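Open the model in your viewer and keep the selection panel at hand.

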Amino acid sequence: MASIRLKRDTKTAYLILMPALGFIGLFILVPFLLSGILSFTDQRLLSNANVPTSFVGLRNYIRLLQGGDFLNALFRTATFAVLVTPLQCAMGLGAALLINSNIMFRNAFRGIYFLPTIMSMVVVAVIWASLYQREGFFNYAAGAVGIGPYDWLQNSWLAMPALVVMSAWQGFPFQMIVYLAGLQGISKDLFEAADIEGASRWQSFWNITMPSLRNTHILVLVTTTIFAFKLFTQVQLLTQGGPLGVTDTLVRIIYMTGFREGKVGIGAAAAVMFFIIVLAISLVQRRLLREERAIP
Amino acid sequence: MTTSSEKLILNVIAIVVAALVLAPLMLMFATAFKGDQQQILRDLGNANAFWIWPADISIANFRSIFSSTAFPILTYLKNSAIIVLSIVVIGIFVNSLAAFALARMTFLGRDWVIAIILALIIIPMESVALPLLLMVAKVGGVNTLSAQIVPFLAHPFSIYIFYQFFSSLPKDLDEAAYVAGASRLRTYWSVIMPLSLPTIATVAILQSLEYYTAYLWPVMIVQDATKRPMSLGLAQFFSTPPPIWGEIMAFSVLMSLPVLVIYFAFQRWFIQSTIGSGIKG
């Protein structure tokens with residue numbers, strides 16, 4: 001009886017699953033495997049009947065790793081991640097602490113602070129472009145304290161920090177909300193006990209709040225890092241990887257070689273390495289969270 | 001616990017942060033509604049950038065972008081609406097049905113299917129874009145709206161969100177429906193889905209934002225002006241020199257307004273969905 005129902009259910013279940021599995025197979029799994037295969041070929045975007053695609057072994061990978069562009073983009077993307085992740089997480093935690101304190105109109109502030117993250121990155125880039133332009137507000141502010149003017153987005157020292165600040169402004173509400181959920185999960189008793197023991201607010205923060213947020217920290221840091229590695233839109237709109245390649249990114253390499261130059265094979269090799277990096281970061285997260293569980 | 005002077009300081013900080021968050025948005029709205037391009041250029045170079053006096057309000061920028069033939073903004077809006085609505089509405093059925101089977105039914109190979117779908121969450125769009133482009137080009141999908149819809153209907157992360165919620169519902173629901181003679185699909189439609197409105201909202205919000213703001217894929221798949229979504233339209237309008245800031249900001253306002261209106265109507269759900277997306281990674 002039970003096995004008859006299981007059999008019948010198996011058929012129904014796969015019928016119900018079919019649309020999703022079909023789409024996932026066709027549009028995620030197949031292109032994913034194809035990406036791996038293409039990375040070993042000299043496939044071009046516009047195929048030429050006279051020049052058939054052939055296997056080239058590891059040539060694409062060797063070219064990327066020996067040429068300067070890929071490693072430069074990897075270094076610049078990592079630099080972006082290293083700068084933006086702590087900044088954005090600190091902003092998120094700060095805003096969360098503020099909203100979690102007993103300020104007035106907390107919900108209104110939370111509603112306002114959340115706004116940047118629902119804005120499209122294209123819109124955000126456009127707005128900040130007007131702030132960063134030579135006759136823009138930032139040079140007015142710099143002039144007010146007696147420095148500048150600067151070409152924020154064309155200066156090889158300033159372009160990356162400019163992108164970092166803009167991206168952190170757009171992204172921090174996400175970290176804020178996740179931290180807020182984490183903060184609300186900490187038992188109030190701990191703080192009361194610390195208060196009775198005569199601990200200062202500062203001590204409570206470092207000895208109760210921060211350790212209690214351990215899992216939230218891991219989650220937020222890893223998610224933000226992965227997101228930072230996908231940097232593309234704002235770069236493409238504001239600096240096109242310049243000046244002198246200081247804002248080039250991995251996704252931009254995939255886009256430029258695979259799409260603009262039509263060298264799909266090399267672009268696919270870059271995409272495979274990009275994926276391995278993202279995968280490695282998320283495996284680190286899994287490892288850290290498992291360690292947490294192992295500690296009683 | 002907190003003294004009143006501390007409370008005052010915290011409130012002041014909260015207001016300063018709010019000002020920093022709002023300033024770029026104020027700049028967008030203020031600039032969009034200023035009619036005089038000379039004034040806009042002057043104002044962008046000082047603190048007036050963030051402010052507009054009621055006497056200066058004009059809809060000239062909106063009027064001129066609506067009449068632009070090189071950048072048909074109404075077409076962009078319509079394309080974006082079609083793309084996002086199709087992905088969200090069809091996607092909700094495709095993904096919730098899959099999650100229903102995985103969470104509420106026992107069948108052979110279930111654990112495998114769950115493991116594969118979970119593993120696929122990590123694959124970023126950016127790493128499959130090139131082969132996907134070749135595949136779509138092969139079937140003549142370049143410059144179509146379908147190419148911006150169909151590949152994104154099934155969404156492993158949305159399946160996972162639905163799966164988690166469906167798994168938390170008591171098994172008695174299905175049993176009762178089964179005893180009453182309801183089929184599996186009937187149970188899904190009349191019992192499970194009506195209980196899942198918050199989860200449906202979460203998925204709908206996450207997907208709408210993701211695909212409304214998508215940039216990389218449209219850039220690769222669309223050259224034809226009549227098939228562009230808003231994000232691509234704005235990016236290309238912005239990249240066409242010389243920048244006419246009033247019109248660029250009016251364009252940005254039009255791109256942001258639908259999201260802002262929906263956000264203010266369903267704020268709680270937006271924040272809820274962010275917590276939901278926090279488990280990703």
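The second largest cavity holds about 50 Å³ of space. This is a predicted model, in which local features need pLDDT of at least 70, side-chain atom pairs count only at pLDDT 80 or more, and totals for chains, interfaces and linings use all residues. Residues are numbered from 1 along each chain as its sequence is written, chains are lettered from A and ligands numbered from 1 in the order in which they are written, and side-chain values use heavy atoms, with hydrogens and water left out.

A cavity is a set of points, on a 1 Å grid over the protein atoms alone, where a 1.4 Å probe fits but cannot get out. Points are joined across faces, edges and corners, and a volume is the space filled by probe spheres set on them. By this rule there are 3 cavities of 30 Å³ or more.

**Stop 1: the cavity.** Select B:Leu102, B:Ile114, B:Ile117, B:Leu118, B:Ile159, B:Tyr160 and B:Tyr163, which line the second largest cavity; lining residues have an atom within 4 Å of a point. Helix H5 (110-120) and helix H7 (156-168) of chain B each supply at least two of the lining residues. Helices are DSSP runs (H or I, at least four residues), numbered from the N terminus. The lining has 7 nonpolar, no polar and no charged residues (Ala, Val, Leu, Ile, Met, Phe, Trp, Tyr, Cys and Pro count as nonpolar, Asp, Glu, Lys and Arg as charged, the others, Gly among them, as polar).

**Stop 2: the largest pocket.** A pocket is an open set with protein on both sides within 12 Å along at least five of seven lines. The largest one has about 1400 Å³ of space. Of its 44 lining residues, A:Gly94, A:Leu97, A:Leu98, A:Ser101 and B:Leu10 are the closest to its centre. Now select H1(B), which gives the most to this lining, with 8 residues. By class, the lining has 30 nonpolar, 8 polar and 6 charged residues.

**Stop 3: H12(A).** Of the 11 residues in this helix, 9 are buried (under 20% relative accessible area, 1.4 Å probe, protein chains only). Among them are A:Arg252 and A:Tyr255. Just after H12(A), A:Gly262 has a positive phi of about 75 degrees.

**Stop 4: A:Thr239.** A:Thr239 counts as buried because its relative accessibility is 8%. Its side chain makes a polar contact with the side chain of A:Thr247 (2.7 Å).

Note on methods
Buried means under 20% relative accessible area, exposed over 50%, partly exposed in between (1.4 Å probe, protein chains only). A polar contact is a pair of N or O atoms within 3.5 Å; within protein, one must be able to donate a hydrogen and the other to accept it, and residues adjacent in sequence count only if both atoms are side-chain atoms.
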